[in-house]
Amino acid sequence: MEDKRMVYLDYSATTPVKEEVLREMLPYFTEKFGNPSSLYTVGQESKNALSQARERVAALIGAEPREIFFTSSGTEADNWAVIEMAMARRAKGARHVITSKIEHHALLHSCEYLEKEGFDVTYLGVDPDGFVDLGELEAAIRDDTALISIMFANNEIGTIEPIARIAEIAKGRGVAFHTDAVQALGNVHIDVRELGVDMLSMSAHKIYGPKGIGALYVRRGVVLPPHMHGGAQENNKRAGTENLTGIVGFGKAAELAREGLVAHIEKITGLRNYFLEHARERIPDIRINGSLESRLPGNMNITFKYIEGEALLLLLDMAGVAVSTGSACSSASLTPSHVLDAIGVPVEEIHGSVRFTVGDFTTREDIDYTLDALEGAVAKLRSISSVSKESGW
Ligand SMILES: *Cc1c(COP(=O)(O)O)cnc(C)c1O
C-alpha cells in the first residue's frame, strides 16, 4: 500500500477557503477595518466592499443586489425566512406551514418551534429517490397556509427537488415559497427569476468561502419582517455591524463559483462517476441512495450491507480518509438519519450508510486511494461481522 494520504471527502459538511478568497478578505481585518456605516473614507471603502460582495452573491443566483440580505449562516437564513414569514402571515389568519421530512435541522427545528407557537406543520414524505410528490404538496395546501419551504437539494442523499414546479404551485395558491439552497449553491445553475422562488437561503462555507456567513434572498415585493432589531444595516432588515471580512469572502467565493460553475460540475461529476463505477465493481452488496438522475454532482451516499457505518468511518479515518455517516449534524449521535428513514432505508442499513462528497480539490489519485482503503475496510468489517454471527452474537 502506498503512503498514507489525507483525503477529504466531506465537501457537503464544509469546504476549505480558496486562496483567492482568503487573499481578498485579509485587508479587511487590518488596514481596511472601517465600519461600513461610517461616513469617512475608511468607512466608505468598507461600504464599497460590502456593495461589491452583494452584487457578486446576487449575480450567482440571478437576483438584484437589493434582494440579498447577509446573515450569520445558512441556519440563520432558514430561521429568519420560515419563522418571520409564518409570524407575519399569522396576523392575517394563517396557521399552517408545509415542509418535507428530509429538510436540514435548521429548517425542521424552526418548524418545530412554530408548532409550539400554535402552527400546524405538514411534513411531506418523499419517494424512494427522495422526491417530494407534487400532488401531495398541492393537496396539503389549505386556505390558512402561510408558507411552503422545500429544500433545493438534500445534503445527505443529494436529490435535487423540482423547485420551479413547486414555486409555480405555491404562487398559484398565493402561498409564500422558501427554499434552502445551501447545498445547491455553486453546484447547480440557479436563477431565482426562472425559478420563481420568494426566498432562498445560502451559506458561504459550502462554496469555498468562510464559515459564519450566509445570506437570504428575498424577492422584491415580498414582505418579510426583520428578526434582528438594532441599527439600520441590511436595509433595516438585519441589524448588527456587518461581518465584513466574511461578506467579502462570500462575495469572492460566489464570483469564483459563478465563473467556474460549468467546469466545476463537469469535474466533480466525472470524479463521482469514476468512484461509483469502481466501487460497484470492487465491493459487493452496496446500494446508492438518492436519485441517480436529479442529483448534486459531488454526492455519493452508499449503503454497505452487513456493516456499521461508524466502524467504517473510523477505519477510513485511520487511513486518512474523511467521510461522514448521514449528515454532519447527526454524526455526534447514533440516531438514524431522518433522511434515509424517509426514503425507506431499513434501520440496520441506515447504520451501514456512508456519505462521500467530492469537491474542487479532489483528485483521481484521492479516489483511487479511497477505493483501496474502502475495499480493505469493508472486507475486514464483513469478516468480523460473519465471525460474530457464527459465535452467536
Ligand atoms: C450546511 C447546511 C445548512 C446550514 O448552514 P450553516 O451556514 O452551516 O448554518 C442548512 N441547510 C443545508 C441543506 C445545509 O447543508
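Arginine 238 is buried in this predicted model, with a relative accessible area of 13%. Its side chain meets that of glutamate 76 in a salt bridge, with an N to O distance of 2.7 Å. This pair links distant parts of the chain: glutamate 76 belongs to helix 3, whereas arginine 238 lies in the loop between helix 8 (233-236) and helix 9, 162 residues apart. Glutamate 76 has a relative accessibility of 10% and therefore counts as buried, the limit being 20%.

**Further salt bridges**

The whole structure contains 20 salt bridges. One of them joins aspartate 120 to arginine 142, the closest N and O atoms being 2.9 Å apart. Here too the pair links distant parts of the chain, with aspartate 120 in strand 4 and arginine 142 in the loop between helix 5 and strand 5 (145-149), 22 residues apart. Aspartate 120 is partly exposed, at 37% relative accessible area, and arginine 142 is likewise partly exposed, at 33%.

Within helix 9 (residues 244-282), which holds lysine 252, a salt bridge is formed by glutamate 255 and lysine 252, and its closest N and O atoms are 2.9 Å apart. The two residues are separated by about one helical turn because they are three residues apart in helix 9. Lysine 252 is buried, with 14% relative accessibility, and glutamate 255 is buried as well, with 15%. The contact between the side chains of lysine 252 and glutamate 255 is also a polar contact of 2.9 Å.

**The ligand and its surroundings**

The ligand is surrounded by 13 residues, of which Thr75, Asp180, Gln183, Ser203 and Lys206 are the closest. By class, this shell divides into eight polar, three charged and two nonpolar residues. Helix 3 (residues 74-90) gives the most to the shell, with three residues. Helix 3 is also the element in which glutamate 76, the partner of arginine 238, is found.

| Residue | Ligand atom | Distance |
|---|---|---|
| Aspartate 180 | nitrogen | 2.6 Å |
| Glutamine 183 | oxygen | 2.7 Å |
| Serine 203 | oxygen | 2.6 Å |

On its own, the ligand has 380 Å² of accessible area, and the protein covers 90% of this.

**Nonpolar residues in loops and at the surface**

A nonpolar patch on the surface is formed by Val17, Leu22, Leu26 and Phe29, which together have about 340 Å² of accessible area. Leucine 26 occupies the loop between helix 1 (19-25) and helix 2 (41-61). Its relative accessible area is 44%, so leucine 26 is classed as partly exposed, the category between 20% and 50%.

Valine 126 is also a loop residue, placed between strand 4 (120-124) and helix 5 (134-140). Its relative accessible area is 15%, and valine 126 is therefore buried, under the limit of 20%. Strand 4 also contains aspartate 120, the partner of arginine 142. The C-alpha atoms of valine 126 and valine 223 are separated by 30 Å, the two residues being 97 residues apart along the chain.

Conventions:
Residues are numbered from 1 along each chain as its sequence is written. This is a predicted model: local features need pLDDT of at least 70, side-chain atom pairs count only at pLDDT 80 or more; totals for chains, interfaces and linings use all residues. Side-chain values use heavy atoms; hydrogens and water are left out. A residue is near a molecule or strand if one of its heavy atoms lies within 4 Å of it. A polar contact is a pair of N or O atoms within 3.5 Å; within protein, one must be able to donate a hydrogen and the other to accept it, and residues adjacent in sequence count only if both atoms are side-chain atoms. Accessible areas come from the Shrake-Rupley method with a 1.4 Å probe; for residues, only the protein chains shown count as cover. Helices (H or I, at least four residues) and strands (E, at least two) are DSSP runs, numbered from the N terminus. Ala, Val, Leu, Ile, Met, Phe, Trp, Tyr, Cys and Pro count as nonpolar, Asp, Glu, Lys and Arg as charged, and the others, Gly among them, as polar. Patches are made of residues with over 30% relative accessible area and no salt bridge: like charges are joined within 9 Å, nonpolar side chains (Val, Leu, Ile, Met, Phe, Trp, Tyr) within 5 Å. A salt bridge is a side-chain nitrogen of Lys or Arg within 4 Å of a carboxyl oxygen of Asp or Glu. Buried means under 20% relative accessible area, exposed over 50%, partly exposed in between (1.4 Å probe, protein chains only).
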